Amino acid sequence: KARAVPRCRCSMEGIKVNALMLRAADYGENDKILTLLTAELGKISAGIKGVKKAGAKLKFAAQPFCFAEYILSKRGERYTVTNASETESFYDIRTDINKFYAASAVCEAANSLTYGGIDDTPVFTLAVQALSNICNGAEDAALIKFLLSALSAAGYTGGLDNCTECGSPLISADKMRFDMNAGSFTCWDCGTGAGTSGVTYNVLRKCAGKSYSAQFFTAAGEKRALRLLREFLTFKTDAHCNSLTEYIRLL
């Protein structure tokens with residue numbers, strides 16, 4: 001259900017929003033069209049002029065992972081970035097290829113899970129926190145945690161607690177099923193979904209901050225968990241998970 005969008009701040013300068021830059025597309029010789037996920041307006045597109053020129057003042061505002069206060073003008077239904085003040089660039093992400101693709105996967109997923117005209121504040125908050133976690137720690141666990149939380153915030157998952165058919169605990173099960181429609185796990189004999197392992201399930205529980213069985217937890221499990229989340233995200237949103245696919249390949 002759509003939620004009311006928080007009010008943005010307006011001033012003589014224009015409309016002020018806190019935004020994460022998700023995607024930039026070239027437009028004309030020197031301009032770009034940005035996809036911004038904002039705390040105040042949800043997801044919007046905004047033009048930004050001259051940023052492809054050498055030494056452009058607002059070049060940073062069109063860079064990947066830029067988190068900033070953007071000042072926008074509006075004409076009809078079209079937004080234009082007139083100024084910006086950087087809050088965080090997450091620069092260290094760009095120095096590590098694994099972190100770069102994990103962070104790109106966060107932005108890719110956030111773009112797929114949000115829609116213009118509604119309140120996407122939960123996904124916005126989760127994405128900013130995920131980029132901070134990727135920048136400062138282990139990117140694999142941070143990415144899994146974000147995908148789980150963002151899918152849940154978008155209303156797609158049914159949780160990680162017990163079989164959704166019979167209620168039996170799954171934490172010590174060697175194999176189980178995952179229902180793509182419901183976004184939930186079942187016992188092997190209860191459901192009809194795709195087969196998955198206790199390793200995948202317990203990695204997801206650990207990254208979600210839940211108790212897990214060390215017996216079924218392995219370092220290679222992150223790769224399995226990410227593959228499942230990629231398939232689920234694609235199933236629910238028709239997303240092209242190019243960055244997530246490349247990150248999985250790098251693991």
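Me: Starting with the cysteines: is C190 buried, partly exposed or exposed?
Reply: C190 counts as partly exposed, at 33% relative accessibility. The classes are buried under 20% relative accessible area, exposed over 50% and partly exposed in between, with a 1.4 Å probe and protein chains only. Note that this is a predicted model, in which local features need pLDDT of at least 70 and side-chain atom pairs count only at pLDDT 80 or more, while totals for chains, interfaces and linings use all residues. Residues are numbered from 1 along each chain as its sequence is written, and side-chain values use heavy atoms, with hydrogens and water left out.

Me: How many disulfides are there in the whole structure?
Reply: The search finds zero. A disulfide here is a pair of cysteine sulfur atoms within 2.5 Å.

Me: Changing topic. How do β3 and β4 pair?
Reply: Antiparallel, over seven bridges, with β3 at residues 31-38. They form a hairpin with three residues between them. Strands are DSSP E runs of at least two residues, and helices are H or I runs of at least four, numbered from the N terminus. Two strands pair if DSSP finds at least two bridges between them.

Me: Which residue in β4 is the bridge partner of K32?
Reply: I48.

Me: What else does β4 pair with?
Reply: Strand β6, residues 78-88, in the parallel sense over three bridges. There, G47 has T80 as its bridge partner. As for cover, β4 spans residues 42-48, and six of its seven residues are buried.

Me: Back to β3. What does T38 touch?
Reply: T38, found in strand β3, touches V17, N18, A19, I44 and F124, not counting residues up to four places away in sequence. Contact means heavy atoms within 4.5 Å. T38 counts as buried, at 0% relative accessibility.

Me: Where do the polar atoms of that side chain of T38 sit relative to E40 and G42?
Reply: One polar atom lies 3.4 Å from the backbone nitrogen of E40. The backbone oxygen of G42 lies 2.8 Å from a polar atom of the T38 side chain.

Me: What is the order of strands in the sheet with β7?
Reply: β8-β7-β9, an open, antiparallel sheet of three strands. The edge strands are β8 (184-187) and β9 (194-197), each pairing on one side only. Four bridges join β7, residues 175-179, to β8, and D179 stands opposite S184.

Me: Which strands does helix α4 lie across?
Reply: Helix α4, residues 198-207, lies across β7, β8 and β9, at about 70 degrees to β9. Axes are lines fitted to C-alpha atoms, for helices over the stretch in contact, and angles run from 0 to 180 degrees between N-to-C directions.

Me: Last one: which residues have the most contacts inside the largest nonpolar core?
Reply: L143, I144, F146, F185 and L204, in a core of 58 residues. A nonpolar core is a set of buried Ala, Val, Leu, Ile, Met, Phe, Trp, Tyr and Cys residues joined through side-chain atoms within 4.5 Å. A second, separate core has 21 residues, including I15 and L41.

How values were computed:
A polar contact is a pair of N or O atoms within 3.5 Å; within protein, one must be able to donate a hydrogen and the other to accept it, and residues adjacent in sequence count only if both atoms are side-chain atoms.
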